[in-house]
Amino acid sequence: MKKEDKAIIIEKIADTIKQYSCFYLVETAGLNAEKTSALRRACNKADIKLLVVKNSLLHKALESLDQDYSEIYPALKEATSIMFSNVGNAPAKLIKDVLKNDKDAKLPLLKAAYVEETVYLGADQLDTLAAIKSKNELIADVVALLQSPAKNVVSALTSGGTKLHGILETLSNKE
């Protein structure tokens with residue numbers, strides 16, 4: 001491959017990294033064609049971009065960016081696929097689903113992940129990553145917490161009004 005072609009590929013990888021808030025480095029090299037196609041379809045459904053890259057090109061792309069990704073460099077061994085997503089836990093949940101559906105499967109194997117400006121190394125971090133709440137889930141939790149006291153106040157005011165209305169109606173019927 002020519003040096004100019006490598007430079008173009010490095011730039012494309014760097015641009016893709018900038019577009020997404022998180023990425024996972026995954027080993028998928030041992031998957032057969034059927035399982036690879038199924039993984040790609042699942043990624044498409046979950047709005048995850050799957051890209052197979054050479055480690056050296058990915059290393060250079062990460063070095064070209066402003067942030068420090070040096071903690072990820074040790075994971076750049078053997079074949080690497082990258083899963084890009086804007087939802088931090090989506091790729092982890094997808095990997096867990098794939099592994100759960102095929103009990104004998106050892107792949108895809110999580111090598112590293114960069115989520116919310118934090119680096120996670122190793123397959124043992126998969127459960128931790130899957131448990132991370134997305135931005136929308138956190139917003140929903142905060143809204144629910146804020147609505148709860150307001151609902152209680154409205155409920156108390158409404159119930160008092162119906163009681164008062166019932167008492168007044170009973171007194172007016174006595175006359």
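The following questions and answers explain how several descriptions of this predicted model are reached.

Q: Why is Y69 called buried?
A: The relative accessibility of Y69 is 3%. Buried means under 20% relative accessible area, so Y69 counts as buried.

Q: What makes Y114 buried?
A: Y114 has a relative accessible area of 8%. The limit for this class is under 20%, and Y114 is therefore buried.

Q: How many aromatic pairs are there?
A: Rings count as a pair if their centres lie within 6.5 Å, and the count comes to five aromatic pairs.

Q: Why is the pair of Y69 and Y114 called edge-to-face?
A: A pair of aromatic rings is described by the distance of the centres and the angle of the planes. For Y69 and Y114 the values are 4.9 Å centre to centre and 65° between the planes. Centres within 6.5 Å make a pair, and planes over 60 degrees apart count as edge-to-face; therefore Y69 and Y114 form an edge-to-face pair.

Q: What parts of the chain does the pair of Y69 and Y114 link?
A: The pair links distant parts of the chain, with the two residues 45 residues apart. Y69 is in the loop between α3 (55-64) and β3 (80-85), whereas Y114 is in strand β4 (residues 109-115).

Q: Which residues form one aromatic cluster?
A: Y69 and Y114 form one aromatic cluster together with Y20, F23 and F84.

Q: Why is K6 called partly exposed?
A: K6, in helix α1 (residues 3-19), has a relative accessibility of 38%. Buried means under 20% and exposed means over 50%, with partly exposed in between, so K6 counts as partly exposed.

Q: What makes the patch of K3, K6, K54 and K60 positive?
A: Lys counts as positive, so the surface patch formed by K3, K6, K54 and K60 is a positive one.

Q: Why do E116 and E117 count as exposed?
A: Both residues lie in the loop between β4 and β5. The relative accessibility is 57% for E116 and 67% for E117. Exposed means over 50%, so E116 counts as exposed, and so does E117.

Q: What is phi of E116 and of E117?
A: Phi is near 50° for E116 and near 60° for E117. Each is a positive value in a residue other than glycine. Most residues other than glycine have a negative phi.

Q: Which residues does a cis peptide bond join, and where is P108 found?
A: A cis peptide bond joins L107 and P108, with omega about 5°. P108 is found in the loop between α4 (90-101) and β4. Most peptide bonds are trans.

How values were computed: Residues numbered from 1 in each chain as written. Predicted model: local features only at pLDDT ≥ 70, side-chain atom pairs only at ≥ 80, totals over all residues. Heavy atoms only, no water. Patch = residues over 30% accessible without salt bridge, like charges linked within 9 Å, V, L, I, M, F, W, Y side chains within 5 Å. Areas by Shrake-Rupley, 256 points an atom, 1.4 Å probe, with all protein chains shown as cover. Salt bridge = Lys/Arg side-chain N within 4 Å of Asp/Glu carboxyl O. Charge placed at Lys NZ, Arg CZ, Asp CG, Glu CD. Helix = DSSP H or I, 4+ residues; strand = E, 2+ residues; numbered from the N terminus. Buried < 20%, exposed > 50% of the residue type's maximum accessible area, 1.4 Å probe, protein only. Phe/Tyr/Trp six-rings, centres within 6.5 Å; stacked < 30°, edge-to-face > 60°.
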